[in-house]
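Please look over the structure shown below before reading on. The notes that follow are grouped by topic.

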Amino acid sequence: MNIPGYRDLIRLAIPVILANAAVPLLGLADTAVIGRTGDAAALGAIALGALIFSFLYWGFGFLRMGTTGFTAQAAGAGDWPEVRAALARALLLGLGIGVTLILFQWPLGLAALALLNGSESVEQGVQQYFHIRIWGAPATLGLFALLGTLIGLGHTRQLLWLQLFLNGLNVLLDVLFVAGFGWGVRGIALGTVIAEWTSLLLGLWMVVRLIRPLDDAPLWPWQRILVREHWLRTLRANADIMWRTLMLLFGFAWFTDQGARFGDVTLAANHILLQFISLSAFFLDGYAFVVESQVGRAMGARQALWFRQVIERSTILAALTAVGLALLVWLPGPLFIDALTTVDAVREAARAYLPWAALYVLCSFVAFQLDGIFIGTTESRPMRNATALALLAFLLAAWALVPPYANHGLWLAFVLFVIARGITLGAYLPALHRRIREVV
């Protein structure tokens with residue numbers, strides 16, 4: 001048993017942080033390429049089209065998270081046939097969902113457009129973008145399964161290289177198709193689809209090299225892959241994670257909608273501060289991903305000491321990081337706000353609510369860490385239940401605080417939301433520790 005120390009955990013987290021940071025850079029590249037065409041409608045179509053797919057794929061994030069937990073536990077137990085079987089089940093599920101999205105692309109596209117407000121030319125561009133990019137859905141969801149396997153095995157460096165390849169190829173194809181061939185919105189969508197399918201093949205090659213058997217055993221153990229109980233366990237865990245993700249999405253969307261009711265200035269100020277929170281999440285997610293892998297492997301190996309120490313060490317690192325990020329948001333935050341907007345009213349409003357954003361970042365590491373622990377142990381039901389309770393607490397707090405304190409009350413309720421996520425999920429942690437000791 002080799003329990004990772006602080007340096008080991010940092011070494012594993014850094015590639016995840018960089019890979020996470022690379023994701024929004026891709027959207028920035030798409031915007032820059034299409035923005036240089038001078039077509040405002042095309043730029044708006046890319047913005048709305050990318051938003052649709054971000055929300056769509058976020059709902060299927062369980063393919064990554066569930067695969068991580070099952071893979072880590074099997075690897076910790078030294079059960080490599082089950083590692084391969086877990087990947088196969090996730091790939092089949094992801095590809096199946098992706099094909100279903102393609103088959104139902106027209107009603108999905110109409111529903112998405114009904115929820116968005118854009119000019120006629122923008123909506124035409126969104127339709128073009130959507131009906132091309134949807135063909136990459138099986139590849140993207142398959143990539144989720146591969147990323148979950150890499151995280152579960154602790155191969156975060158390969159995760160980074162795969163993400164960089166996806167982004168790099170996408171940018172090159174954007175330039176070729178838009179700047180070179182003049183295909184506009186269609187070129188952006190087509191470049192993304194080609195990059196997604198190519199990255200899926202590269203990722204599959206990378207993962208197979210890591211998990212292929214050294215003897216004559218089959219690469220894909222179909223007898224295990226098709227076991228009904230394993231499929232039911234996979235589907236139950238994924239369903240719980242999906243509901244948890246949808247409730248989080250609802251909470252953030254509701255926060256944005258409530259902020260919009262205070263006017264455009266407040267909406268813009270809240271949006272800027274949410275960007276600070278999103279950037280901070282890249283760092284905290286790094287430790288959460290690492291703890292997913294480590295607690296899962298400790299559970300599979302039946303090592304209670306490994307389980308306890310990796311939680312303690314990663315949480316200390318996450319807490320220190322959260323303190324540093326909160327100070328970075330609070331102290332030089334006004335400079336960052338000025339860099340993101342030139343509107344004086346928005347600057348003033350964002351500065352007024354800036355301490356709330358810093359407080360949110362400071363308190364959020366607990367929820368991130370606990371999510372990682374329960375994902376790694378595939379204890380998905382507590383995640384679902386805790387998120388439901390936290391969402392209820394958020395809505396009740398907002399109901400009580402927003403009328404007297406307006407947007408300050410909304411931000412306080414939002415901070416209480418992330419605190420409630422940590423408290424409610426943390427209440428399940430002692431039972432999880434007892435279970436680990438019983439397994440050992």
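Where is the place of Thr 378? Thr 378 sits in the loop between α15 and α16, where helices are DSSP runs (H or I, at least four residues), numbered from the N terminus. This is a predicted model, in which local features need pLDDT of at least 70 and side-chain atom pairs count only at pLDDT 80 or more, while totals for chains, interfaces and linings use all residues. Residues are numbered from 1 along each chain as its sequence is written, and side-chain values use heavy atoms, with hydrogens and water left out.

**Loop residues with positive phi**

- Thr 378 is not a glycine, yet Thr 378 has a positive phi of about 55°.
- Thr 378 counts as buried, at 15% relative accessibility (buried means under 20% relative accessible area, exposed over 50%, and partly exposed in between, with a 1.4 Å probe and protein chains only).
- Arg 302, placed in the loop between α12 and α13 (304-330), has a phi near 60°, which is a positive value in a residue other than glycine.
- Arg 302 is exposed, with a relative accessible area of 52%.

**Helices α15 and α16, and Ser 380**

- Helix α15 (residues 344-376) and helix α16 (residues 380-426) have axes that come within 10 Å and cross at roughly 170°; axes are lines fitted to C-alpha atoms, for helices over the stretch in contact, and angles run from 0 to 180 degrees between N-to-C directions.
- That angle makes α15 roughly antiparallel to α16 (angles under 35 degrees count as roughly parallel, over 145 as roughly antiparallel, 65 to 115 as roughly perpendicular and the rest as oblique).
- The residues of the contact of α15 with α16 comprise 21 nonpolar, 5 polar and 2 charged, where Ala, Val, Leu, Ile, Met, Phe, Trp, Tyr, Cys and Pro count as nonpolar, Asp, Glu, Lys and Arg as charged, and the others, Gly among them, as polar.
- Ser 380 belongs to helix α16 and is buried, its relative accessible area being 7%.
- Leaving aside residues up to four places away in sequence, Ser 380 touches Arg 236, Ala 237, Asp 240 and Ile 241, contact meaning heavy atoms within 4.5 Å.
- Ser 380 and Thr 67 are 313 residues apart along the chain, and their C-alpha atoms are separated by 12 Å.

**Two further helix pairs**

- Helix α12 (residues 264-301) packs with helix α14 (residues 333-340) at an angle of about 120°, their axes being 11 Å apart, and the two are therefore oblique to each other.
- In this pair, Ile 272, Leu 273 and Phe 276 of α12 meet Gly 333, Phe 336, Ile 337 and Leu 340 of α14, and the residues of the contact divide into 6 nonpolar, 1 polar and no charged.
- Helix α6 (residues 120-133) packs with helix α9 (residues 184-211) at an angle of about 20°, with axes 8 Å apart, and α6 and α9 are therefore roughly parallel to each other.
- From α6, residues including Gly 125, Gln 128 and Tyr 129 take part in the meeting with α9, whose residues in this contact include Val 185, Arg 186 and Ile 188; the contact as a whole has 7 nonpolar, 3 polar and 3 charged residues.

**Buried residues with polar contacts**

- Arg 64, in helix α3 (residues 62-76), counts as buried at 10% relative accessibility.
- The side chains of Arg 64 and Glu 292 are joined by a polar contact of 2.6 Å (a pair of N or O atoms within 3.5 Å; within protein, one must be able to donate a hydrogen and the other to accept it, and residues adjacent in sequence count only if both atoms are side-chain atoms).
- Not counting residues up to four places away in sequence, Arg 64 touches Phe 144, Leu 147, Gly 148, Ile 151, Phe 289 and Glu 292.
- Thr 156, found in helix α8 (residues 156-180), counts as buried at 6% relative accessibility, and a polar atom of its side chain lies 2.9 Å from the backbone oxygen of Leu 12.

**A partly exposed tryptophan**

- Trp 58, in helix α2 (residues 40-58), is partly exposed, with a relative accessible area of 38%.
- Trp 58 and Thr 245 are 187 residues apart along the chain, with their C-alpha atoms separated by 7.6 Å.
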